[in-house]
Amino acid sequence: MIYKVNSCSIYGINGYIVDVEVDLSNGLPGFDIVGLPDATVKESKERVKAAIKNSELQFPQKRITINLAPANIKKEGSVFDLAIAAGLLVSSMYFLEEEVRKTIFLGELSLDGTVKGIKGILPMCIEAKKQGFNRIITSNENAQEAALVCGLDVIGVNNLREMLGFLDGSLIIEPTIFSAEKLNCNDLDDWDFKDVSGQHTVKRALEIAAAGSHNVIMIGPPGSGKTMLARRIPSILPDMSFEESLEVTKIYSVAGLLKEDENLILKRPFRSPHHTISAASLVGGGRIPKPGEVSLSHFGVLFLDEMPEFPKHVLEVLRQPLEDECVTISRVNGTITYPANFMLISSVNPCPCGFYGDESNRCSCTPSQIKNYIGKISGPLMDRIDLHVEVKPVKFNDLSSEARSESSSSIKARINRARDIQLNRYSKDGIYFNSQLKPKQINQYCKIGLKEKALLKNAFEKFNLSARAFTRILKVARTIADLEGSDNIYINHIAEAIQHRSLDKKYML
Ligand SMILES: Nc1ncnc2c1ncn2[C@@H]1O[C@H](COP(=O)(O)OP(=O)(O)OP(=O)(O)O)[C@@H](O)[C@H]1O
Ligand SMILES: [Mg+2]
């Protein structure tokens with residue numbers, strides 16, 4: 001006799017339904033799991049057996065075979081424990097198979113029968129809903145996260161006995177309701193642009209970048225405030241839509257990085273990995289594949305401080321995700337794609353001593369030292385960066401001035417307006433920001449007049465721009481026009497966009 005219950009697992013950042021089939025046959029008692037289980041899934045046998053016995057329930061004294069279907073995808077983790085236990089309890093007639101036909105079981109078991117939380121519950125619940133299931137039984141720890149998905153009854157249980165009580169009707173457990181109070185969105189940021197004196201051009205460039213999600217490189221001497229400015233970017237990033245929040249939360253859920261009291265991520269991510277990071281940690285991968293920093297920065301910011309300190313081969317792996325907005329990792333049995341649509345913010349000193357190009361003429365580096373240093377950032381990578389910004393040392397008058405600079409909240413208000421314009425314009429195109437425009441959409445949304453064309457042609461020849469740089473200038477000009485609320489792109493918008501691409505000569509970029 002075969003009994004079937006359902007569970008779910010993760011491939012990439014999406015869930016897929018796993019059928020847990022239990023077969024009991026006569027013969028010497030034994031317990032086997034088939035269907036490409038990894039070591040953790042195989043260990044499930046011991047956890048489930050102990051959990052059932054320690055909950056004072058009957059464990060079938062038969063030859064047990066568990067099949068996890070589809071059998072062609074490798075199963076990892078302890079998520080199937082609860083479903084395997086449920087399958088065995090069905091086979092012992094504790095409850096009927098029909099009662100759990102539309103139920104998904106997700107959870108790890110302790111030896112004493114306690115149901116524990118697992119990673120990646122959100123994408124699994126999204127898939128369960130899609131496939132027509134209407135109930136999730138999981139640990140209390142995961143119940144809030146699961147309840148984010150509307151239209152599913154989420155039953156949170158502490159242990160196997162509670163689950164059984166619920167299923168045989170002797171215990172009433174109300175479905176978990178998603179509580180908006182538990183949303184952790186308001187951890188106040190102390191970082192505000194009002195603390196940064198002067199630096200108007202840089203702030204303007206960062207405003208444009210945040211409004212259209214463009215990549216930025218900041219070049220300047222030590223102590224000019226590059227790190228200080230970058231740290232304040234999260235305070236002006238536009239609010240996330242619910243779909244964006246859900247997508248980001250899915251990635252963090254799969255990576256197991258959701259904080260305990262955090263069910264839905266409402267703030268755009270800001271990741272700033274150290275320069276000792278490996279290529280695999282940056283883009284993702286590993287024996288058990290995990291999203292890398294580029295995916296953890298999805299819909300947010302990846303900040304690379306002191307960019308030339310990163311090994312060249314590590315920087316080069318950024319090229320593909322910067323272009324494709326996703327990372328594809330090859331595995332023995334297939335490929336996994338993680339989304340990676342991030343805004344790259346980087347800071348560099350212009351040379352090893354940091355003072356090349358400075359008005360004080362303090363630089364003591366040789367031309368070849370400078371070339372080697374800045375050359376770590378390759379041409380193709382530089383080409384993908386839309387805004388090149390010079391951060392000059394802040395002037396004494398600005399520093400000592402009593403006047404406070406504009407606050408982040410007022411900059412953010414402008415950015416949110418520009419962002420709404422983009423959301424409206426691209427509602428049917430499946431993109432969110434100007435930086436995501438594809439060539440066909442550029443033709444449609446970035447139309448320019450003759451005067452504007454002439455200016456662009458001039459810049460193209462003067463700065464030896466690549467075709468990519470050309471389209472990137474148009475996208476930045478689109479954002480500048482949106483910040484102004486202008487439907488058309490005019491010559492002043494193009495001129496400002498070009499100005500942010502013209503540092504190459506000065507800094508040997
Ligand atoms: N515009 C500014 N307004 C107020 N304080 C500033 C400004 N610029 C720099 N500072 C002060 O200088 C400190 C150093 O700035 P920061 O670390 O951002 O420089 P940096 O450009 O990143 O230097 P490095 O290249 O050495 O990393 C800041 O912590 C801040 O106290
Ligand atoms: Mg710094």
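A residue is taken to be near a molecule if its C-beta atom, placed from the backbone, lies within 6 Å of that molecule. In the predicted model described here, 15 residues surround ligand 1. Pro222, Gly225, Lys226, Thr227 and Met228 are the closest of these. Helix α7, spanning residues 226-231, supplies the largest share of this shell, with three residues. The composition of the shell around ligand 1 by class is five nonpolar, nine polar and one charged residues.

The protein chain is divided into two parts, domain 1 (2-178) and domain 2 (193-507). Their C-alpha centres lie 44 Å apart. Across the boundary, 14 residues of domain 1 are in contact with 16 residues of domain 2. On the side of domain 1 that touches domain 2, two or more residues are given by each of the elements β1 (2-11), α3 (121-130) and α4 (140-146). The most comes from α3, which gives three residues to this side. Seven nonpolar, three polar and four charged residues make up the side of domain 1 that touches domain 2.

The largest nonpolar core comprises 133 residues, and Ala85, Leu106, Ile136 and Val216 have the most contacts inside it. Because domain 1 (2-178) and domain 2 (193-507) both give residues to this core, it lies between them. With neighbours within four places in sequence left aside, Ile136 is in contact with Ile104, Leu106, Cys125, Ala128, Ala146, Leu152, Val154 and Ile155. Leu106, one of these partners of Ile136, is also among the residues with the most contacts inside the core.

Methods
Residues are numbered from 1 along each chain as its sequence is written. Chains are lettered from A and ligands numbered from 1 in the order in which they are written. This is a predicted model: local features need pLDDT of at least 70, side-chain atom pairs count only at pLDDT 80 or more; totals for chains, interfaces and linings use all residues. Helices (H or I, at least four residues) and strands (E, at least two) are DSSP runs, numbered from the N terminus. Ala, Val, Leu, Ile, Met, Phe, Trp, Tyr, Cys and Pro count as nonpolar, Asp, Glu, Lys and Arg as charged, and the others, Gly among them, as polar. Domain bounds come from an automatic or database domain assignment. Two residues are in contact if their C-beta atoms, placed from the backbone, lie within 7 Å. A nonpolar core is a set of buried Ala, Val, Leu, Ile, Met, Phe, Trp, Tyr and Cys residues joined through C-beta atoms within 7 Å. A residue is buried if 20 or more other C-beta atoms lie within 10 Å of its own, exposed if 12 or fewer, and partly exposed in between; C-beta atoms are placed from the backbone.
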